[in-house]
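Q: I am new to this structure. Could you take me through it in order?

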Amino acid sequence: MKTEVAPAPVLPAPVSTGARSGSRWMDRLFRLLCLAGALAVGVLLALVLWQLLKGSRLSLHEFGWKFFTGRIWNPVTEQFGALPFVFGTLISSLIALLIAVPLGVGTAIYLTDLAPMRLRQPLTSLIEMLAAVPSVVWGLWGLFVLMPILRATFYPLLQKWFGFLPLFQGPIYGIGLLTAGVILAIMTLPIITSISREVLRSVPNLQREAAYALGATRWEVTRIAVLSYARRGLFGAAVLGLGRAIGETMAVTMVIGNTPFIGASLFHPASTLASGIANEFTEATGDIYLSSLFELGLVLLGVTILVNILAQIMVRAFTTAETRRVA
Amino acid sequence: MKKILTRILMAGIGLIIIGCSEKQEIAQAQTLINGAGSSFDNPAFMMWKDAYAKTEKGVQINYQSVGSGAGIKQLVSQTVDFGASDAPMSDEAMAKAPGKILHIPVVAGAVVVTYNLPGNLKLKFDDATLAGIYLGEITKWNDPKIASLNPGVALPDTSVIVVHRSDGSGTTFIFTDYLSAVSHDWASKVGKSTSVNWPAGVGGKGNEGVAGQVKQLPGAIGYVELAYAVQNKLPVSELKNAAGKFVAPSPESVSKAMDTATIPDDFRFSMVNAPGEGSYPIAGASWVLLYQKQADAKTGKMLVNFLKWCVSEGQKMSPQLDYAALPDSVQQRELKLLETVTY
């Protein structure tokens with residue numbers, strides 16, 4: 001069937017009358033403003049990087065690569081090494097992810113597929129309220145409420161059942177890597193849940209219907225049709241959660257014990273990059289000391305960027321072309 | 001209705017504008033003096049600036065409690081009129097400043113040892129035991145060294161959890177100054193500073209962080225400012241001083257320590273482990289730092305007058321905040337030093 005398409009109307013060529021050039025000038029201005037906004041982010045990042053490099057010039061010169069592998073942080077003898085802080089940051093963030101990702105994705109699956117329609121909005125609002133709680137409040141709650149409970153009930157059980165693993169050996173202080181990981185998990189849960197929810201909602205219903213048509217059970221539908229389709233987006237949610245966990249300062253500094261530590265026991269107090277800087281920056285006297293703290297900031301920025309790059313590489317490795325369409 | 005509301009709104013805005021402009025006139029007549037530094041004497045400065053404003057209307061004191069290190073930095077870069085520090089500046093630090101800096105002690109306080117044990121126990125410690133605990137050598141509460149100082153007290157068989165400051169602080173400086181003075185091991189292994197590499201224990205941020213962790217961890221021991229311990233009703237231990245007597249921390253025992261301590265003319269001194277029967281061993285002062293040659297004559301004179309007031313009249317209010325008042329002899333010497341300020 002041939003459909004007749006009317007020929008496109010011929011518009012008169014643009015003439016530089018007052019009204020016409022006025023609107024073109026505004027168009028250009030608008031584009032310029034948007035471009036400036038987009039570039040501003042890059043400029044800001046560059047400025048931060050430049051300031052950190054400028055501030056840490058002294059300790060970069062003094063310690064070189066030894067800073068990244070050094071284990072001693074001694075302001076009196078002016079020996080500084082970042083390794084214990086990197087260790088604390090990575091381990092507490094990892095624990096947080098291990099707890100928050102299954103919980104968050106599970107909650108997201110429940111909210112999109114399984115929950116009764118009436119419960120969906122209230123539950124979503126409830127979880128998003130967790131994100132509204134200030135970081136300091138989480139720290140106080142963790143120190144005065146959560147830590148005593150964990151210390152009295154959960155940690156001794158862990159030590160009893162899994163004490164053969166070096167992870168759960170050693171004295172139970174209460175504050176330490178594991179408690180910090182739990183608090184971070186609670187703080188990253190809202191981000192992971194809400195992004196996962198959006199990602200899962202954007203999976204086309206056709207996928208689910210096709211799986212049901214092939215005779216899959218509910219869990220199989222979720223696993224095969226939904227999760228594998230949304231893999232990249234869920235990964236993105238986890239990376240965003242990780243980004244928050246790595247940079248979290250106040251809540252962590254109250255429950256982690258602030259002792260530079262590298263070892264196997266999860267119950268032992270440790271220190272993270274962010275909490276180390278927050279603790280010592282205002283009172284740091286001495287040029288090398290201050291410079292080393294700047295360099296800790298540089299390391300923190302570096303760790304964040306590295307983790308993001310690694311995540312991107314893993315996403316590309318584990319997803320196929322079709323699933324990349326989501327998120 | 002709309003018209004009435006609009007009129008009320010305009011009237012309100014008008015009143016606010018008039019009010020603001022009046023305030024500006026008053027503010028312009030006052031001289032502003034800026035200071036920054038230690039949080040140890042922040043309560044004192046807050047109290048003093050209000051009291052001083054009642055006697056001297058023409059000056060407004062502004063103090064920022066940003067920490068001793070930041071205070072010294074701002075003084076050296078001349079963004080504030082005076083700094084406040086819990087540790088005297090070293091010779092190298094003073095050499096870097098653009099002018100000669102005077103140290104004026106304004107408060108003296110005590111660092112107390114607090115603990116978390118069941119049964120409302122009253123404990124005593126001495127220098128070797130404290131050093132041993134903080135070095136991580138004494139690990140149990142019923143260790144014979146602690147038990148011998150506390151006969152008759154039922155010490156439990158729990159581990160000692162050492163709590164220290166995770167942030168740099170004048171309280172840490174005074175505490176480590178004391179431990180370095182009484183223990184060779186400590187002086188060689190750790191040293192004294194506002195922030196050190198602690199051989200054992202966990203860190204809390206601020207006096208409140210240390211107190212919070214001591215309260216939450218059974219078997220914990222920690223050090224906090226006297227004012228803090230009193231206001232939070234924390235158990236406080238008695239310490240054996242250099243004369244061999246057990247002394248409880250109080251403004252009086254800190255004053256006695258200051259009486260017997262050797263104070264040089266430039267007032268850069270340490271008063272830990274002071275001799276004297278009634279002296280409390282872990283005591284320290286906090287200094288105001290200012291340039292001997294003041295850049296601006298008007299602000300300089302007002303600053304010196306304020307400081308003269310702080311070290312004389314202001315000392316009468318110190319015990320309210322659990323600081324020790326400076327002894328009279330020290331006050332006289334400080335007033336003489338303030339006379340040497342040039343403009």
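A: Let us begin with a term: two strands pair if DSSP finds at least two bridges between them. Helices (H or I, at least four residues) and strands (E, at least two) are DSSP runs, numbered from the N terminus. This is a predicted model, in which local features need pLDDT of at least 70 and side-chain atom pairs count only at pLDDT 80 or more, while totals for chains, interfaces and linings use all residues. Residues are numbered from 1 along each chain as its sequence is written, and chains are lettered from A and ligands numbered from 1 in the order in which they are written.

Q: In which sense do β6 and β8 of chain B pair?

A: Strand β6 (residues 161-165) and strand β8 (residues 220-225) of chain B pair in the parallel sense, over 2 bridges. Ile161(B) has Ala220(B) in β8(B) as its bridge partner.

Q: What is the order of the open sheet of 8 strands in chain B?

A: The order is β2-β1-β3-β11-β4-β8-β6-β7, with mixed pairing. At the edges stand β2 (59-64) and β7 (202-204) of chain B, each pairing on one side only. From one strand to the next, the twist averages 25 degrees.

Q: Which strands does helix α3 of chain B touch?

A: Helix α3 (residues 68-76) of chain B packs on the sheet and touches β1 (31-37), β3 (82-85) and β11 (283-291) of that chain. Its direction makes about 155 degrees with that of β3(B); axes are lines fitted to C-alpha atoms, for helices over the stretch in contact, and angles run from 0 to 180 degrees between N-to-C directions. Two residues are in contact if their C-beta atoms, placed from the backbone, lie within 7 Å.

Q: Which strands form the open sheet of 3 strands?

A: In chain B, that sheet has the order β5-β9-β10, and its pairing is mixed. Because β5 (124-125) and β10 (246-247) of chain B each have a single partner strand, one side of each is left without a neighbour in the sheet. Strand β9 (residues 238-240) of chain B runs antiparallel to β10(B), joined by 2 bridges, and Leu239(B) has Val247(B) as its bridge partner.

Q: Changing topic, how many residues of chain A are in contact with chain B?

A: 25 residues of chain A are in contact with 28 residues of chain B. On the chain A side, the largest share, 4 residues, comes from α6(A).

Q: And how many helices and strands does chain B have?

A: Chain B has 13 helices and 11 strands. Its C-alpha atoms fill a box of roughly 80 × 60 × 35 Å, taken along the principal axes.
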